[in-house]
Amino acid sequence: MNSPLPLYHQVYLLLRQQLLDGTYAPDAPLPGENALAQDYGVSRLTVRRALDALAAEGLVSRRQGRGTFAQPPSQLSAPQQGATVDALMAHLARMGMSTQVRLLELAVEPATPAVAARLEVEPGSPVHRSLRVRSHHGEAFSYLQTHVPDAIGRRISRKALGSKPLLQIFGELGIRVSGAEQAVTAVLADAAAAEALGVPVASALLNIRRLVRDVDGRPIEYLDARYRPDRFEYRLDMAAHETAGAPVWLPAGPGAA
């Protein structure tokens, strides 16, 4: 890991992010110390210090002879910024047409509790997961993990995912998009995202999570996108609106570069 932070703290931050993201269901076991040490390329002692720090924070419980288990996080999700649906969809379409995408993975997997909650399906239900890297002028700037329900995923080909924006694919399938719920935050680059984006592990990345719904209100896509902040920025135009008390700022429309 190429970072000024101590190794154990880097591992702690990466595991903490996974726990808060819902990668591990409450009371689910984490990989063993030896497996984590191999995954992160550190010693078992380093992993143990990271797990001890997580236990002190109440995010995991260490059980003698049994291992380490995830605990329900108390942190709430970040507040979401609103934007008009038309403006958001137009922005996404522009980005899809002006950049290049490379498909890394495509698989059918059982939905984790976190993904199932967002797509409003039962945990363990089949969902289609894709990993893509989007580039501009040959420079990778986003690492995209997308989940779609099985009924939609089985209709999307590998060729389409590697050549077209997902919104365009939805349109070609006759799926009408009505809206999206979006949150913007910051995360640390895990090993896979770091390699895809060409940054050191534990580098700060912009994180946009978007749930897209069709005209009947059903979730059709859950996107978890990681962006290099030196190659991408998220902009939100604001307009002042008069109210009974004082003027307030409301979103006028999103943009990105």
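Q: Which residue stands opposite Arg209 in β8?
A: In this predicted model, the residue of β8 that stands opposite Arg209 is Asp224.

Q: And in which sense do β7 and β8 pair, and over how many bridges?
A: Strand β7 and strand β8, the latter covering residues 219–227, pair in the antiparallel sense, and the pairing runs over eight bridges.

Q: What about the hairpin of β7 and β8, which residue there takes a positive phi?
A: That is Gly217, with a phi near 85°, in a hairpin that has four residues between the strands.

Q: How does β7 pair with β6?
A: Strand β6, which spans residues 177–188, also pairs with β7 in the antiparallel sense, in this case over 11 bridges, and within that pairing Val177 stands opposite Asp214 in β7.

Q: Is β7 largely enclosed or open, and why?
A: Strand β7 takes in residues 204–214, and because 10 of its 11 residues are buried, meaning under 20% relative accessible area, the strand is largely enclosed by the rest of the structure.

Q: Switching to the whole chain, how many helices and strands are there?
A: The chain has nine helices and 10 strands, and 42% of its 257 residues count as buried.

Q: Last one, what does the accessible surface come to?
A: The accessible surface of the chain is about 13500 Å², and carbon and sulfur atoms account for 53% of that area.

Key: Residues are numbered from 1 along each chain as its sequence is written. This is a predicted model: local features need pLDDT of at least 70, side-chain atom pairs count only at pLDDT 80 or more; totals for chains, interfaces and linings use all residues. Side-chain values use heavy atoms; hydrogens and water are left out. Helices (H or I, at least four residues) and strands (E, at least two) are DSSP runs, numbered from the N terminus. Buried means under 20% relative accessible area, exposed over 50%, partly exposed in between (1.4 Å probe, protein chains only). Accessible areas come from the Shrake-Rupley method with a 1.4 Å probe; for residues, only the protein chains shown count as cover. Two strands pair if DSSP finds at least two bridges between them.
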